[in-house]
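Here is a briefing for a reader who is meeting this structure for the first time. Please look through the sequence and the model, and then follow the notes below, which are grouped by topic.

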Amino acid sequence: MKALMVNYYILMKLHAKNYLKFPMNIFLKLIYIPVQMFMYFLLWRTLIPDGASDFRFMLAYYLLVCLLTQAYPFVHIASGVMTDVMEGNIMSFMVRPVQYGMRALSKYSSWMMFYSIVFIPALIFVYIYMDLSLYRIALFIIFAVIGMLIEFICWYAVGLASLFMERIKGLVITVLSIRMFVSGIIIPLTFFPDNIRSIAYFFPFRFYIFVPVNLLLSGWNNYWFDLALAIMWLVLLYLLSRMLWAFGVKRLGGAMS
Amino acid sequence: MCLKRAIDLTIIMLKMSFNRAKMFKADSIMGIISSVTYLSANILFWVVVMTAPTFALEGWSFQNIVMFIAFSELFFGLDGAAFTMSSRFWRVIYSGSLDALHTRPMDSRLRFIIVNIDFVKIVTAFISFMILILVSGVQIVSHLPLLVIGFIFVVLSNIVLSLMRLTLSYAAFWLGKMDALSEVADCLTWFNKYPLVNVPGVASLLFRTILPFYFFSTFPTEVSAGMLSHSDIVLGLLFMSLCIVFWVIIHGMVWKRGLRKYESVNG
């Protein structure tokens with residue numbers, strides 16, 4: 001375990017150094033935000049002419065949603081695994097003292113740490129704008145970190161499907177469209193009719209977007225249940241990815257011999 | 001002569017595009033499924049918004065919204081299939097392959113756009129447009145001229161957006177790698193996601209003149225749904241024409257100046 005953590009730390013440091021070389025990349029990712037927020041501002045200003053508090057909620061909600069969805073090119077986690085499988089690079093990881101998933105996870109987590117440079121000011125803005133408590137901010141951070149891990153493992157598992165299928169482009173697009181539907185990106189899930197909401201609750205994607213943002217802005221008290229569910233999803237997805245790897249590598253070995 | 005070459009090349013690309021779709025059937029089917037999912041999500045958003053008591057889009061019924069989605073899908077379909085690539089033209093400049101394209105018997109920009117057209121996407125955009133128009137319950141026969149006007153506006157605004165994207169990508173003549181600017185150009189399509197109604201004064205004027213965001217889908221919907229008077233339509237046509245002229249002039253000027261600045265090893 002100690003050796004694993006040392007490897008992970010070294011990899012994270014390497015990725016961090018790489019990101020530090022191109023600091024502007026972090027801010028280039030934010031080019032979309034002002035345009036998106038202006039569009040949301042126009043939309044909700046029109047839709048909520050009188051309800052000032054609802055309007056504030058929606059603006060804060062979409063600001064956080066924009067920042068979370070654009071935090072990382074999640075699809076690249078899956079496509080990176082697919083490229084490694086297609087080009088055979090994955091074979092070299094069999095003889096390395098680092099687990100294959102560790103490389104992608106270290107890259108992902110070091111980027112997310114850098115991204116907090118952008119995220120923290122936005123969080124401070126929302127804190128003041130919505131007059132929130134620090135307790136809710138702390139809860140948001142805990143849930144967002146768990147959600148980030150769930151999001152990572154989801155896309156990693158999608159990538160590992162390339163060990164069984166030749167190309168996963170179609171699968172990636174399908175997962176992406178389902179994610180948009182059920183994660184709370186288009187509208188808070190609480191606005192959905194009951195039957196659609198229960199479908200959305202069946203998927204793990206809401207733990208990255210809807211659950212932390214809604215907890216921060218609405219502050220409902222039933223978060224222990226969501227926390228337990230999120231951890232359960234995390235464990236389930238981890239086991240799934242381990243299973244995909246174990247069975248997939250066997251097939252890969254067969255194909256190479 | 002130039003037009004004939006463009007048509008010939010388009011036909012060749014059309015055949016290749018459909019052959020590719022046939023060859024990668026699973027991929028094509030997945031693409032259609034995901035388009036349907038995206039569309040469903042969009043419709044669901046509007047169902048939620050239009051049925052919630054706290055929200056109201058003054059002057060717009062759900063039928064109008066479905067028409068808006070139809071035009072919006074058409075706009076996105078045409079944009080994604082043919083015009084998005086305009087914002088990637090900077091790569092041709094940056095990589096130094098522009099001079100090689102200049103020796104070809106066709107305008108380098110036109111050629112770049114034609115060879116990158118996704119014809120299958122155009123067909124699916126038309127199909128979803130037609131289905132959504134039918135679903136909206138509009139009287140197609142009586143509204144046909146208005147629908148055609150709306151359609152023409154969608155195509156024209158796509159062309160203007162393409163000119164804007166090309167103009168932005170010409171910045172590569174001076175600045176080199178233009179990844180960020182192509183991102184800026186891409187995010188302009190965000191103004192097509194929701195109806196641009198009740199836009200505040202200055203922004204409203206900008207969106208109808210220099211930046212044609214109002215004409216992306218909002219104006220075509222308002223025309224087709226009969227929400228505008230004849231004078232409004234004529235005024236819209238006037239603004240659109242001014243916008244086209246403005247961007248054709250700006251685009252031409254920047255292109256000429258950029259070409260003067262351009263240098264490569266001719267490789």
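Two residues are in contact if their C-beta atoms, placed from the backbone, lie within 7 Å. By that rule, among contacts in chain B between residues at least 6 apart in sequence, 81% join residues at least 24 apart. This is a predicted model, in which local features need pLDDT of at least 70 and side-chain atom pairs count only at pLDDT 80 or more, while totals for chains, interfaces and linings use all residues. Residues are numbered from 1 along each chain as its sequence is written, and chains are lettered from A and ligands numbered from 1 in the order in which they are written.

- Chain A has eleven helices and zero strands, where helices (H or I, at least four residues) and strands (E, at least two) are DSSP runs, numbered from the N terminus.
- The pattern of chain A along the sequence is accordingly written α-α-α-α-α-α-α-α-α-α-α.
- Chain B, for its part, has 13 helices and zero strands.
- For the 257 residues of chain A, a compact globule would have a radius of gyration near 18 Å, and the 20 Å of chain A agrees with this; the radius is taken over C-alpha atoms, and the globule rule is 2.2 Å times the number of residues to the power 0.38.
- The C-alpha trace of chain A spans about 70 × 45 × 35 Å along its principal axes, and that of chain B spans about 65 × 50 × 35 Å along its own.
- In chain A, 33% of the 257 residues count as buried, and in chain B buried residues make up 37% of the 267; a residue is buried if 20 or more other C-beta atoms lie within 10 Å of its own, exposed if 12 or fewer, and partly exposed in between, with C-beta atoms placed from the backbone.
- Among contacts in chain A between residues at least 6 apart in sequence, 80% join residues at least 24 apart.

**Where the chains meet**

- The contact between the chains takes 30 residues from chain B and 26 residues from chain A.
- On the side of chain B that touches chain A, the elements that give two or more residues are helix H2 (25-51) and helix H10 (179-187) of chain B.
- The largest share of that side, 13 residues, comes from H2(B).
- By class, the side of chain B that touches chain A has 22 nonpolar, five polar and three charged residues; Ala, Val, Leu, Ile, Met, Phe, Trp, Tyr, Cys and Pro count as nonpolar, Asp, Glu, Lys and Arg as charged, and the others, Gly among them, as polar.

**A helix pair in chain A**

- Helix H5 (residues 74-87) and helix H7 (residues 134-160) of chain A pack at an angle of about 30°, with their axes 7 Å apart; axes are lines fitted to C-alpha atoms, for helices over the stretch in contact, and angles run from 0 to 180 degrees between N-to-C directions.
- H5(A) and H7(A) are therefore roughly parallel to each other, since angles under 35 degrees count as roughly parallel, over 145 as roughly antiparallel, 65 to 115 as roughly perpendicular and the rest as oblique.
- The residues that make this contact include Phe74(A) and Met82(A) of H5(A), and Phe152(A) and Trp155(A) of H7(A).
- The contact of H5(A) with H7(A) has eleven nonpolar, two polar and one charged residues.

**A helix pair in chain B**

- Helix H3 (residues 62-83) and helix H8 (residues 140-169) of chain B pack at an angle of about 40°, with their axes 10 Å apart, and that makes H3(B) oblique to H8(B).
- Among the residues that meet here are Phe71(B) and Leu78(B) in H3(B), and Val154(B) and Leu161(B) in H8(B).
- The residues of the contact of H3(B) with H8(B) divide into eight nonpolar, three polar and one charged.

**Two loop residues**

- Val197(B) lies in the loop between H10 and helix H11 (201-208) of chain B, and with 18 other C-beta atoms within 10 Å, Val197(B) is partly exposed.
- Not counting residues up to four places away in sequence, Val197(B) touches Thr46(A), Leu57(B), Trp60(B) and Thr218(B).
- Asp131(A), in the loop between helix H6 (100-129) and H7 of chain A, has a positive phi of about 55° although it is not a glycine.
- Asp131(A) counts as exposed, with 8 C-beta neighbours inside 10 Å.
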